[in-house]
Amino acid sequence: MNKEKKPMFKKLDSEAKFSLLRMAVAIAIGLTLAVILIVLSAENPAESLKYFFLGPLQILNPNVAKGLAFNYFDFWIQSMIPLLFTGSAVCIMFSANKFNLGLEGAIMCGGLACGWVCCLLDGDIKAANANPVLCAILGLLVGAIAGGLITSIPALLEKKWGASVMVSSLMLNYISLYISRFCLFSTEFRDLKTSKYSNQWTEEVVLTFKKFLGTKLTLRLGLFIGIAVVIFAWAFLFKTKWGFKIRELGHNPNFAKYVGVGVISMGVLVQIIGGLIGGLCGATVILGNNNFYYGVELTGYGWDGVTMAIFSGNNPKKLFLATAFIAYIRAGALIMSTAPGGPINELTKIVEGVIILFLLAEKFLAKTHRKMIVKEAKEKQALKLANEAKEAE
Amino acid sequence: MENYLVMQDVTKIYNNGIIANDKVNFSAVKGEIHAICGENGAGKTTLMKMLFGIEQPDEGKIIIKGKDMKLNSPTDAIKAGIGMVHQHFMQVPSLTVAENVMLGIEPTKGLVFDMNEAVRRTKECCEKYGFEINPKAEIQDLSVGVKQKVEIVKALVKGCEILILDEPTAVLTPQETKELFVQLKHLRDTGCTIIFISHKLNEVKELCDRVTVIKKGKTIGVWNIKDVTEADISRYMVGVDVDLNIPKAPAQPKENVLTVKNLTVYNEAGKKKVDDISFSVRRGEIVGIAGVEGNGQRELIDVITGLAKYSHGSIVLDGKEVKDMEIADLREHGMVHIPEDRNLYGCARTMSIKDNMVADKIHKDEYNSGLFLNEKKIKEDTDRWVDEYLVLCDSGEQLVGMLSGGNVQKVVVAREFTSPSKLLISDQPTRGIDVGAAEFVRKKMVEMRDAGEAIILVSADLAEVMSLSDSLIVMHGGKINGYFKDVKSLTEEDLGFYMLGVKHMSEEEIKGALHE
């Protein structure tokens, strides 16, 4: 038995090796393209490249003289936070093959509900004075529930009438957006002074501490909530019976039905969980950045979640690396574009798009894969023959 | 004709790392029927897929009429004069025979399909080779035997000189098989080369001129059929003598576990597939269900196992109506099921052996500690089952998709047999698995019967149904056409007549299937 165990680890290794190789090649192609685009479009390519590749590592840009006193490192962290949430949500939903694209709506509604609650408890509307910690917790909670409610709509529509989740969830994103705009423009939530933003709540509720403990660092509680969500998503998917059933459903729905998984209710459950996380994301982002609500456009974080799920292969464990990477190039691009003469920020979208394309293209590097398989199979066979020969002796 | 058809040192490695063919050599001459024998999973089908251009060899040469060929697609193969009849027919049921035969080479008059020409050419081909088929009949109205002839005509009409038949008799009754053989011999006499893939050795012996035996992806040898006996071939295939008879004491049936009464099932198109049938299965007996495919067996099994719903009649499992239970409840109530299609229902190929084995029990307390899965217990149990059920693998962490068919089936069987149960529904439990694995599964079933399990066995393998079952139900046209309390008195030929609906039993006799 022991003899046979050896080639198995090799086998897994080669599959893992191939997916690593694929990822590396895709990223290399994407980054090469970025470099080419920067060189072509920047006034000072060397400077721009430096900002793009190294910018996010700077905690405080020393170039204060130029008026660029941003905490660049914080850009990176800030871009990472929503990705952690939405990546987890999409990992869970896609694991069950539920292509609910309603995260945008969940984020919208989560932020809106959270903002309103904070305004009521600790803000301008009622001018009540609740404990800020309690207020923040309640805000996050209500935000999450709002998100869960909104994504459960397409799920229930499918359960009841067989409506396509993808279509109805996409439509709900816009419905959520217009609800948010309606609240901002036509209700007591509206701030009469600026006409664009909501009423305000006290700064104490905000989840971000700039110049934390007198240092140059900015502490974002959102990051920790995000990390907790990723850990939850991983444990839920891989360490509980519910997660097991969800994955079963994703791997083979017929099989799931046959072994007794309640396929329909499980499908609804994952979408509600995804929505809860989406809502929490919206709430965290709103409470993390400002003391007012400003949701007049879709955030795009929902789509980022899909990107993240693809990067991590639906395994939340890999989300940390994936989000760190994408957030890094985004922060880099942003820093680069704010410098004078720098190329535009949207460059990252091209890079991301290209990487995703190569990750999803099934036949990409297929010949290399094939060669690896053939080589491996032969090695395995040779080993087996050698073992048999030994036994014969 | 030295180099009429030669496959030389052909190697094929699948993407899951399995070496299906390892330097296989095969050759055939003009005008012979050449059998390829081997256990399931030995690599027969892979070899033929390469000859028909569906798969491409990683190494080796294919030589046809002296020319080195590169067959990248079935189109190339057809051009080279090769035709293949698959196990599953590739036909459009709503079209006529002539239309099906002409698919891909449609005769046209201006812009429209020339039906008259299609019928004429189909007829001509049928007459030339002695097939009696009405070109204007619709495929869906034909029996399986005739459908198969259509499939052969389809190949012949395209000018095929080398015809591959992949287990052509698997779906036929003994009578239909006999008829097919007459026609194949006639075809051979007209100069056609026929490659006959089968593991039914008596058929090989009766029909073929030569036989090539393949074992575990390697050629064992080629023999003239008159020089070898069935037992010889069997030994070359398996390596050891296999006893196909499972030792079995007479059944001691007890009380009813499953009672089906006046059950009628309509399929999704609203067609009646199961027509007012009643029977019961008792503790400690194996009830076989035989029938030509498509006579309601699948629909019957689907409703008993909860995969589909029924509205007329009743099915009672141990005192509870099946209709009122979800599959999870049914399983809780003691039903286990080996599904007909192990890849569609029986496993998740992209999950590990461990996960597949524990999938139906994952919610049980013993596999959970608090909120989380008890991974230690899961690993312990599944490791033990891997050993117990002789699953050939590197470890329980290996993906099921990496295993051969027989081992996948062992994973399915291990999962189902290790859950406490009262009723086992065993649907084609040994289809497409090697002799050793099949023997293992059959023995386990007899063991379970002796321990008091009620078992339903559906199988297209007549020898299996007849040797394993204690009593036998024959289905024809959605009805029970015959019930045999004791299978021993039944001959295979007689069973064929009931399957075809040539013979019927009286209503009184059929009522015997329901024990009250």
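Which residues in α7(A) meet Ile277(A), Leu280(A), Thr284(A) and Gly288(A) in α10(A)?

1. Basis of the note. This is a predicted model, in which local features need pLDDT of at least 70 and side-chain atom pairs count only at pLDDT 80 or more, while totals for chains, interfaces and linings use all residues. Residues are numbered from 1 along each chain as its sequence is written, and chains are lettered from A and ligands numbered from 1 in the order in which they are written.

2. The helix contact. Gly222(A), Ile225(A) and Val229(A) are the residues of α7(A) that meet those of α10(A); contact requires C-beta atoms, placed from the backbone, within 7 Å. The residues of this contact comprise four nonpolar, three polar and no charged. Here Ala, Val, Leu, Ile, Met, Phe, Trp, Tyr, Cys and Pro count as nonpolar, Asp, Glu, Lys and Arg as charged, and the others, Gly among them, as polar.

3. Helix geometry. Helix α7 (residues 221–239) and helix α10 (residues 263–289) of chain A pack at about 165 degrees, with axes 10 Å apart. Axes are lines fitted to C-alpha atoms, for helices over the stretch in contact, and angles run from 0 to 180 degrees between N-to-C directions. Helices (H or I, at least four residues) are DSSP runs, numbered from the N terminus. The two helices α7(A) and α10(A) are therefore roughly antiparallel, a term for angles over 145 degrees.

4. The chain interface. Chain A contributes 26 residues and chain B 28 residues to their contact. On the side of chain A, α14(A) gives the most, with six residues. That side of chain A divides into nine nonpolar, seven polar and 10 charged residues.

Notes
Parallel < 35°, antiparallel > 145°, perpendicular 65-115°, else oblique. Contact = placed C-beta atoms within 7 Å.
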